[in-house]
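Please have the sequence and the model in view as I talk.

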Amino acid sequence: MELRIGRVLTLFVSLALFFVASGCEKVDRTLQPEVKSVENIDLLPAKEAVPNKDGIKIGFSMDTLEEERWLRDRDLFKTAVENLGAEVEILAANGDDALQVLQAETLISQGVDLLVVVPHNAEAAATIVKKAHLAGIKVLSYDRLIKNADIDLYVSFDNERVGELQAESITKLVPKGKYVYIGGADTDNNAHLFKKGVFNVLQPFIDNGDITVVYDQWTKNWLPSNAYANMQEALKANGGKIDAVIAANDATAGMAIQVLMEAGIAGDVPVAGQDAELAAAQRIVEGTQTMTVYKPIPTLAEEAARLAVAMARGEYIDTERKVNNGKVEVSSVLLSPIAVNKENIDETVIADGFHLEEDVYAGNKR
Ligand code: GAL
């Protein structure tokens, strides 16, 4: 009898671990913008494998792989760490906080030398930092800041500047009128920084009565389906008459444009996005999206890998720039984002090889 219970228990534990490792829960993303081709995400070819002399192992706990950029972050970070002669173990939690904590515990119990985290929830991830530090493992916050925790380093882009670039582009075209703001996930500290940047630029226009923000909502879990519903609501609430849309990333911008398309006004209403996704680049040359904010992911992944491996090898990293996360002044590296529109798309995302010219212009005249 005991033996049978033992077997059942072992079976149950191995199943739980299997699910932890695979990060299985699926989020409904049926409403994805049509993407013409994303196969050619150019990975950094791994140089001659660099021997892992000192057996350094980095754990990379990711929120999700749903957006195109996170596939790039995953592959480029892996290649960069391996090129530094270290190993990396990557787990993605598909937007599930409890799963992300469990996955981080798995990486900690595997004895990684340093943990790199893209938090799904800025606050909930603080527990991961506590667990890692209890095991003597330092934590690098990647792209998104973990709040109210004693993190060791934060590497990202200047996310407030992202919002400013979006609003600067759109207010140049629409200095007066009704604006719709489609925010990101309010669990993501970046979404708050993007929004702060947007309103840094819009506020003077709002104060002098030229611009009215007629709709302003977060997009739960960054889900395109939620952005679609938000945009439908915004258009309906304003009798189908709005003058501009600022969306926190390209996936949400794609949904806003889908709604504008269905209302027959896509291309007439300027729309801002972020992430320079291929579909967004295609929409920009097509004329249905006005701009996106390009964040050169290879630079972020390589810089984070360099600092992660250096810290794992015991190097003390201190930076001039500090960001307050509600608990500590975090040593931070913030890279510069770039505004991209039809005029400069060739000399930015195409020149960098972020996307291939033939993919961006697929079917569209130059
Ligand atoms: C943000 C990130 C963006 C974006 C979004 C959705 O934190 O900075 O690039 O795509 O998450 O995953």
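Let me begin with the largest cavity, which holds about 110 Å³ of space; by cavity I mean, on a 1 Å grid over the protein atoms alone, a set of points where a 1.4 Å probe fits but cannot get out, with points joined across faces, edges and corners and the volume taken as the space filled by probe spheres set on them. Its lining, meaning residues with an atom within 4 Å of a point, has 14 residues, and nearest the centre are Trp 70, Arg 144, Trp 222, Asn 249 and Asp 275. Two or more of the lining residues come from each of α2 and α6, helices being DSSP runs of H or I with at least four residues, numbered from the N terminus.

A word of care: this is a predicted model, in which local features need pLDDT of at least 70 and side-chain atom pairs count only at pLDDT 80 or more, while totals for chains, interfaces and linings use all residues. Residues are numbered from 1 along each chain as its sequence is written, and side-chain values use heavy atoms, with hydrogens and water left out.

What takes up the space of the largest cavity? The ligand does, in the sense that more than half of its atoms lie within 2 Å of the grid points. Around the ligand stand 13 residues, the closest being Trp 70, Asp 143, Arg 144, Asp 188 and Asp 275, where a residue counts if one of its heavy atoms lies within 4 Å. Seven of these shell residues are charged, three are polar and three are nonpolar.

Turning to polar contacts, which are pairs of N or O atoms within 3.5 Å, a polar side-chain atom of Asp 188 is 2.6 Å from an oxygen atom of the ligand, and for Trp 70 the corresponding distance is 2.8 Å. The side chain of Glu 67 also places an N or O atom 2.8 Å from a ligand oxygen. Taken alone, the ligand exposes 300 Å², and the protein buries 100% of that, by the Shrake-Rupley method with a 1.4 Å probe.

The search of the whole structure finds two cavities of 30 Å³ or more.

Note on methods:
Polar contact = N/O pair within 3.5 Å; in protein donor to acceptor, adjacent residues only side chain to side chain. 1 Å grid on protein atoms, 1.4 Å probe; cavity = no way out; pocket = protein on both sides within 12 Å on 5 of 7 lines; lining within 4 Å. Nonpolar A, V, L, I, M, F, W, Y, C, P; charged D, E, K, R; others polar.
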